[in-house]
Amino acid sequence: MSVIATPTRQSTGGISARTVNRIVIYGLLALFALFYLMPLFVMLVTSFKTMDEIQNGNMLALPQAPTFEPWLKAWGETCVGLTCAGIKGYFWNSIKMVVPAVLISTLLGALNGYVLTKWRFRGHTLVFGLMLFACFIPFQSVLLPMATILGSLGRFGVTLRNATGFSFGLGNPTVNLVFVHVVYGLGFTTLFFRNYYEAFPTELVKAAQVDGASFFQIFRRIMLPNSMPIFVVTVIYQFTNIWNDFLFASAYAGTGDAMPMTVALNNVVNTSTGVVEYNVNMAAAMIAALPTLLVYVVAGRYFVRGLMAGAVKG
Amino acid sequence: MAFLEIDGLRKRFGSVEILKGIDVDLEKGGFLVLVGPSGCGKSTLLNTIAGLESITEGEIRVDGRTINDLHPSKRDIAMVFQSYALYPNMTVAGNIAFGMEMRGVPAHERQKAIDKVAKVLQIGHLLQRKPSQLSGGQRQRVAMGRALVRDPKLFLFDEPLSNLDAKLRVDMRIEIKRLHATTGTTIVYVTHDQIEAMTLATKIAVMRDGEVQQFGTPAEIYNNPTNLFVADFMGSPAMNLIPATIGGNGNALSVVLQREAREPISLPLADAPTGLSAFHDKPIIFGVRPEALTDPEGAERNASNIATADCHIEVVEPAGSDTFAVTNLGGKAVVARLRADANIQPGTSTPLAFNLTKAVFFDPATENRIL
């Protein structure tokens, strides 16, 4: 009797307790979500308001006469420092710097991971350990040494140009930034790919060897096509980091034509002539954030899947 | 000169010796099975033949050509892996043709070769699928197709059936045997399953701890094991290995088996191996396979030396095709294989016939066969 009675009592009591739990949990989650979304909301509504409305109205109020004017101004007319041609040039600067940096660091990371798991050599754990160590080096500590190296490279570029008429991009601030981000990102990309390839069946590599595929043929035909999840994870991670980077960008390309988006945005906000155009500033900030948002929306589902794949498969 | 010759092969990983001097050879069209418990070095040996592992010492020759230092793709071999190792990003056709593609075979010739292999293995309808859309047995076929299409001198199989369920394993075993019979290829096959070894092989190498314990035909291995390990490893149910002593005198030796709470059994030996007289009154291991220990009516009619003794039956296991009876001799559980309809009850005594022409004797100190 009691054996039958207990579970029914428990289950009826359990449901209501669980409902309360759910309400509390979802309530808290909603509250935190609201809290985090608040700044974004303010940015978004402000960027569609006129300056009059901003100065006289409530910060949280919806725009009464929504206008794209601030966005257009931010893109094409606003002043960055002394030049007033909008942020569009700097947006393309960032794209020109981020795309090669992400692709090169990801491919090199994949190659490192491939060698460290499938073509092991004496001391491979030490090499991997040192690469891991690179993940923990603070940005600030490499600023000056890197500046020295970039300076030397620049001088070498001048010598090259004098000798051959072509500098091979050495000394170009965009190339410098690509170089810095590739070097700095290599630790992370190697870590991602090594852990993914650690669980990658070695028999596939052996089978390809018997089939006569070379080192790079195996990499291109067998490893890369089967690395989609970790490839997406690495690209998202690298893209976000490099796009958002301000320190390296301001240190090595802080002035001049190659200035990336993050530095330009800072200069837009800091331009101290006349009245502070909050709506234009917000629109510029939104434009600066859009590419990373886009990458997450397009590839986000792979992101979670990729992180899981490495964790669960033995 | 044999087709595949392995001479004094050694493999060391640091200070650990994995293979301790392997000498094996195989005739053209032969089927060599490397069998042994896990960790005995059989897969390592196969990998050294494939060229996926380097060797420390010794020589491997295929068709008279030394292949020690050749790259795997230059050895004219094909390998079927335990996990099949199908490339997940390619279709079945792509998988089969990958090796040819790497060797630069033109597309129309590749297609011809794929069609031929697909016909042999009946996988024509699967060619455009990805490996993830195939069942275990189909993957196995594709893996074999990838090996077959190369038309190599030597096929290497690394435990190809161990991932299949029991019924499919038997089907694929027959398929491999048929393939070997029809194509006449030379095969080296690694397994830990002694039934696969017995049914497929023309030659078996039983391995333990990096050494070949015995190398011979399946019948030799089964009937004349050279030591206790081989006797115990090959055969299912395993051979009964009973501690015993040698009694009798001069020309008429006998095996004395202790029984619980009864006088010992003494089995007269008609044609004992000559080495056995040195063990008079000494302990030996008496080996008799379950099928050589049966009910008197079921005993082999034309065996020259059959001795019958009463045994106390402890357990009866009807297995359908046979009935297994467990008795206790020399302090060990001993399995006898009786006819399926043998009328036998546990807890009773019943006469069992020992076929002593099939019996073997081992020295307990060296574990080697007494001849």
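The model is predicted, and here local features need pLDDT of at least 70, side-chain atom pairs count only at pLDDT 80 or more, and totals for chains, interfaces and linings use all residues. Residues are numbered from 1 along each chain as its sequence is written, while chains are lettered from A and ligands numbered from 1 in the order in which they are written.

**Chain A: annotated spans**

- The unreviewed UniProt entry puts the feature "transmembrane region" at residues 23-45, 97-116, 128-154, 174-197, 218-239 and 282-304 of chain A. UniProt positions follow the numbering used here, feature names are shortened, and annotations may be inferred rather than shown by experiment.
- Take residues 97-116 of chain A: the span is 100% helix and 0% strand, and its end C-alpha atoms sit 28 Å apart.
- Residues 174-197 of chain A are also 100% helix and 0% strand, with 32 Å between the end C-alpha atoms.
- Helices (H or I, at least four residues) and strands (E, at least two) are DSSP runs, numbered from the N terminus.

**Chain A: domains**

- Chain A splits into domain 1 (2-47) and domain 2 (74-312), with bounds that come from an automatic or database domain assignment.
- Taken over C-alpha atoms, the centres of domain 1 and domain 2 of chain A are separated by 39 Å.
- Four residues of domain 1 of chain A are in contact with six residues of domain 2 of chain A. Contact means that the C-beta atoms of two residues, placed from the backbone, lie within 7 Å.
- On the side of domain 1 of chain A that touches domain 2 of chain A, the residues are two nonpolar, two polar and no charged. Ala, Val, Leu, Ile, Met, Phe, Trp, Tyr, Cys and Pro count as nonpolar, Asp, Glu, Lys and Arg as charged, and the others, Gly among them, as polar.

**Where the chains meet**

**Chain B overall**

- Chain B has eight helices and 20 strands, and its C-alpha atoms fill a box of roughly 80 × 45 × 35 Å along the principal axes.
- Of the 371 residues in chain B, 41% are buried. Buried means 20 or more other C-beta atoms within 10 Å of a residue's own, exposed means 12 or fewer, and partly exposed is in between, with C-beta atoms placed from the backbone.
- Among chain B contacts between residues at least 6 apart in sequence, 65% join residues at least 24 apart.

- Neighbours within four places in sequence aside, B:F286 is in contact with B:I242, B:A244, B:V255, B:L257, B:A359 and B:F361.

**Helix 2 of chain B**

- Eight of the eleven residues of helix 2 (residues 92-102) of chain B are buried, so this helix is largely enclosed by the rest of the structure.
- Its buried residues pack against helix 3 (107-121) and helix 4 (136-148) of chain B.
- Just after helix 2 of chain B, B:G104 has a positive phi of about 80°.

**Strands of chain B**

- All five residues of strand 3 (residues 31-35) of chain B are buried: B:F31, B:V33 and B:V35 point one way, B:L32 and B:L34 the other.
- Strand 3 of chain B pairs in the parallel sense with strand 8 (residues 186-191) over five bridges, and with strand 9 (residues 203-208) over four. Pairing requires at least two bridges found by DSSP.
- Strand 4 and strand 5 of chain B form a hairpin with two residues between them, and B:D63 in the turn has a positive phi of about 55°.
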